Amino acid sequence: MLEVANLVKRFPVRGGVFRKPLAWVHAVSDVSFALGQRESLGLVGESGSGKTTIGRCLVRMEEPSSGKIRIEGVDLAALDAKALKPWRRRVQYVFQDPYSALNPRMKVGSIVGEGLSVHTSLSRDEIRGRVERLLVDVGLSEEALGKYPHEFSGGQRQRIAIARALILDPELLVLDEPVSALDVSVQAQILNLLADIREQRSLATILISHNLAVVRQVTDRTAVLYLGRIVEIGPTAGVLDTPRHPYTASLVASVPEAGRPVTPALEGEIPSNITPPPGCAFHPRCPRARQGVCDRSLPELAGDAGHQVACHFPLG
Ligand code: SF4
């Protein structure tokens with residue numbers, strides 16, 4: 001249902017009296033992937049890897065610098081605001097922080113029903129009826145309709161945010177760290193809710209997360225990002241159980257798991273994406289890097305369609 005081709009997003013670093021671009025932050029570089037109906041794709045990586053920027057480009061909260069974002073063959077990246085409007089309802093976004101994502105001055109009924117007011121000609125009573133049903137579907141009571149966001153816990157607010165994203169019956173939901181701001185005890189409830197919703201509504205989802213356990217639980221495929229590029233992509237079990245890229249392997253090894261010693265997290269910081277290292281951007285931190293190859297030549301994604309890796313000397 002979704003095809004992302006050669007997506008690039010650069011941000012200018014402005015300075016001087018005329019605020020001219022002095023340099024560019026290469027947030028997303030040449031990212032391509034496809035997503036089938038009902039499929040769930042995880043985007044993982046450290047902060048600065050570009051995973052959130054990709055998600056924001058998909059819903060045009062950020063304008064792509066170049067590349068294509070196709071749904072049913074239509075390139076959303078090329079549409080103007082008017083032409084984009086009917087597509088907006090088909091791709092919705094759930095933010096990381098349920099505390100700041102909801103307008104504190106609006107009642108829950110208005111927050112959740114706003115999309116219907118903007119995109120449909122339903123009457124107020126019809127909108128109210130749909131909002132009530134959806135609130136119950138996400139595990140809240142109908143009385144939530146007349147309350148303000150501050151009257152709810154973090155988990156309940158994330159349920160409201162999910163209801164807001166679902167009210168227009170989207171086909172694709174982009175979930176940006178949907179449980180990272182919640183207590184551990186509540187995280188499982190929200191993840192179960194997301195799994196149920198996906199099943200019931202035949203939704204495709206993109207889950208942006210740094211938490212590999214969450215990605216393992218709710219995604220079919222996983223793309224690992226490093227400094228704005230996909231370095232490995234494949235079925236989640238394959239990528240996390242038998243990683244082929246040294247960066248993926250170090251991410252997996254740094255997560256505590258029963259029966260396996262924890263390897264310390266990677267040494268060194270993720271490099272600046274204003275001046276990314278030449279060749280493979282991971283080479284300054286990679287234990288397998290070979291001078292003269294990894295620092296000179298950018299590895300392309302290769303492998304079979306199921307599991308691809310961008311590395312000159314992959315594991316396994
Ligand atoms: Fe490491 Fe070289 Fe592979 Fe990059 S290409 S991940 S530096 S072995």
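Residues are classed here as buried when their relative accessible area is under 20%, as exposed when it is over 50% and as partly exposed in between, with a 1.4 Å probe and protein chains only. The model is predicted, so that local features need pLDDT of at least 70 and side-chain atom pairs count only at pLDDT 80 or more, while totals for chains, interfaces and linings use all residues. Residues are numbered from 1 along each chain as its sequence is written, and side-chain values use heavy atoms, with hydrogens and water left out.

Helices (H or I, at least four residues) and strands (E, at least two) are DSSP runs, numbered from the N terminus. Helix α6 comprises the 18 residues 184–201, which at 1.5 Å a residue should span 26 Å; the end C-alpha atoms are 26 Å apart, in agreement with that value. The expected span is 1.5 Å times one less than the number of residues. Val-186, Gln-187, Ile-190, Leu-191, Leu-193, Leu-194, Ile-197 and Arg-198 are the buried residues of α6. Viewed down the helix axis, these buried residues fall within an arc of 160 degrees and therefore line one face of α6, the arc being that of the directions from the helix axis to the C-beta atoms. Ser-185, Glu-199 and Gln-200, on the other side of α6, are exposed. The buried residues of α6 pack against β3 (40–44), α4 (124–137), α5 (154–166), β7 (172–176), β8 (204–208) and α7 (212–218), contact meaning heavy atoms within 4.5 Å. Ser-202, which follows α6, has a positive phi near 55 degrees.

Helix α3 (residues 108–119) packs with α5 at an angle of about 30 degrees, and their axes are 7 Å apart. Axes are lines fitted to C-alpha atoms, for helices over the stretch in contact, and angles run from 0 to 180 degrees between N-to-C directions. The two helices, α3 and α5, are thus roughly parallel (angles under 35 degrees; over 145 counts as roughly antiparallel, 65 to 115 as roughly perpendicular and the rest as oblique). Val-108, Ile-111 and Val-112 of α3 meet Ile-160, Ala-163 and Arg-164 of α5.

Most residues other than glycine have a negative phi. Arg-38, in the loop between β2 (20–35) and β3, has a positive phi near 70 degrees and, at 52% relative accessibility, counts as exposed. Asp-169, in the loop between α5 and β7, likewise has a positive phi, of about 50 degrees.
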